[in-house]
Amino acid sequence: MQLRCVAAACAAVTLSIASPSAAAGPSPEGRVATEVAGYADTDHVAVLTPSISGHVEDPAAGWSVDGSYLVDVISAASVDIVSTASPRWTEVRQAGDATASYKPKDFGVTASGSVSSEPDYFAYAAGGAITQDLDDRNLTLLLGYGYGHDTIGRTGTPFSVYSHSFDHHTIDAGFTRLLDRRTVLALTADLRLENGDSSKPYRYIPLFSVQIAPSVPAGATVQEVSRLRLPETVIERLPLSRQRFGLTARLAHRRPRATTRIESALYGDTWGLFAFTADGRELFDLAPRWSVGPHVRYYVQSAVSFWHAAYVGTAFAVPAFRTGDRELGPLMNLTGGGTARWEIGPAETPERYVLGLAFDATYTRFFDDLYIRRRLSTLGALTAEAAW
Amino acid sequence: MVCLRLPAKLGLFMGCVALTGCVRVAAYERGAVARPDMTTSDMNGRGARHATQVHEGATEGAAAAEAGCGCN
């Protein structure tokens, strides 16, 4: 579980360790970056995400401000949509966030907020974190809290006419530790408490008779499901509360001409979903201005306790909880890709202007789902960054 | 005898690592860890983070994950 407010605070933590002296410069420094990312998969989903972000800080005074804005343009004709006889749809989401940090000495505070809006979903969140440097800034402790509220509706219907919502509280605690001159370790524990209805109003769940359900094969086609299912379908219904716990460790190690980054995470929640993540990245200094390297990621999760590929029901009795969200089912992701970074600034400050390129391909195996058993997705991103 | 569950054991171990047994690194020795690629934050871009949130049920970010998933 990765919390955005934690990420912002961790950035501040790293900064405090990396910049032990507060005499880095007399005036504010800034950075502006833009990214254009494109995603496509074999389930006929495509997403284009342009974004822009900015960062201003005064190392001498100890403050920094971050902000970002992005637009997601989604075009989808996935099997979930086709199975409900719906046409391809295109939707736009806009999102923004801001973070302010103040850390004049060893104690720091961070406040953050975010908003996300699309025709059938509106969410906002706010949070704060405190950090404390110890052991001559070799160790930094972090404690954070966040609150968010999500409203789910239907496209074309005002939220005042139809919507439901859920709240979430997050508590995170962790530390960043210098293990030696070239190695940094960060460990974060996250607790997230969700209350409310997070069901999606578009997800219709097919029902099967008790005799047929066991024989419905994983990956059954839309035609097979239509032939085997009962005439009735029901809308998704999820439990109204969920407690989620995550533990994430990140290790970064610098060698003479390369940086190794390793991340591992454990996750569990009260819906019965457990997950493990392992992520590795190597960045080689190919030339004074160039760095390139591979990226691999492995992720596996179990299903929530109420997961069934084929739900049993009748016209008079349906399962209390049911979902068609395959990210709540058993699955495995294997990702391979790489990144490249090219510093194109002037000779004395080459890092002033930077171009970046990232590419990942992910193979997903769904172990117990209707319609689909595997998916291949690709993601490419081009970034440009300027600093002053 | 107190029976600690796995997360508690891991937390205890990592806490010990954090608080003891490490070399103290002086301020002037931190050039390597000051590099941008040594950050302990997520190095993925926004697009990659969004894809991860959609593809992984364990990854927080409901608002982001509900958009662009291509699902109903």
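What percentage of the 388 residues in chain A is made up of buried residues? The figure is 40%. The model is a predicted one.

**Chain A as a whole**

Chain A holds 3 helices and 19 strands. Its radius of gyration is 23 Å, close to the 21 Å that the globule rule gives for 388 residues, so chain A is as compact as a globular protein of that length. The C-alpha trace spans about 70 × 40 × 40 Å along its principal axes. Contacts also reach along the sequence. Take those in chain A between residues at least 6 apart: 61% of them join residues at least 24 apart.

**Strand pairs**

The table lists their pairings.

| Strand pair | Sense | Bridges |
|---|---|---|
| S5(A) (residues 107-118) and S6(A) | antiparallel | 12 bridges |
| S6(A) and S7(A) (residues 139-152) | antiparallel | 14 bridges |
| S14(A) (residues 274-287) and S15(A) | antiparallel | 10 bridges |
| S15(A) and S17(A) (residues 331-343) | antiparallel | 12 bridges |

**Around strand S6**

S6(A) covers residues 121-134. Its covered face carries A:Tyr121, A:Ala123, A:Ala125, A:Gly127, A:Ala129, A:Thr131 and A:Asp133. The uncovered face carries A:Phe122, A:Tyr124, A:Ala126, A:Gly128, A:Ile130, A:Gln132 and A:Leu134.

S5(A) and S6(A) form a hairpin, with 2 residues between them. Across this pair, A:Gly113 has A:Ala126 of S6(A) as its bridge partner. A:Ala126 belongs to the uncovered face of S6(A).

S6(A) also forms a hairpin with S7(A), and here 4 residues lie between the strands. In that hairpin A:Asp135 takes a positive phi near 55 degrees. A:Gln132, on the uncovered face of S6(A), has A:Leu141 in S7(A) as its bridge partner.

**Around strand S15**

S15(A) runs over residues 290-301. Which residues make up its covered face? They are A:Ser291, A:Gly293, A:His295, A:Arg297, A:Tyr299 and A:Gln301. On the uncovered face are A:Trp290, A:Val292, A:Pro294, A:Val296, A:Tyr298 and A:Val300.

S14(A) and S15(A) form a hairpin with 2 residues between them. A:Ala278 stands opposite A:Tyr298 of S15(A), a residue of the uncovered face. In S17(A), A:Thr335 is the bridge partner of A:Arg297. A:Arg297 sits on the covered face of S15(A).

A:His168 lies in strand S8 of chain A, residues 164-180. Why does A:His168 count as buried? A:His168 has 21 C-beta neighbours inside 10 Å, and the cut-off for a buried residue is 20 or more.

Leaving aside residues up to four places away in sequence, A:His168 touches A:Gly148, A:Arg192, A:Leu193 and A:Glu194. A:Arg242 is 74 residues from A:His168 along the chain, yet their C-alpha atoms are separated by 9.2 Å.

**A helix in chain B**

Chain B has a helix, H2, at residues 46-55. How many of its 10 residues are buried? The count is 10 of 10, and H2(B) is mostly covered. The buried residues are B:Arg46, B:Gly47, B:Ala48, B:Arg49, B:His50, B:Ala51, B:Thr52, B:Gln53, B:Val54 and B:His55.

Methods: Residues numbered from 1 in each chain as written. Chains lettered and ligands numbered in written order. Predicted model: local features only at pLDDT ≥ 70, side-chain atom pairs only at ≥ 80, totals over all residues. Buried ≥ 20, exposed ≤ 12 C-beta atoms within 10 Å, placed from the backbone. Pairing = 2+ DSSP bridges. Rg over C-alpha atoms; globule rule 2.2 N^0.38 Å. Contact = placed C-beta atoms within 7 Å.
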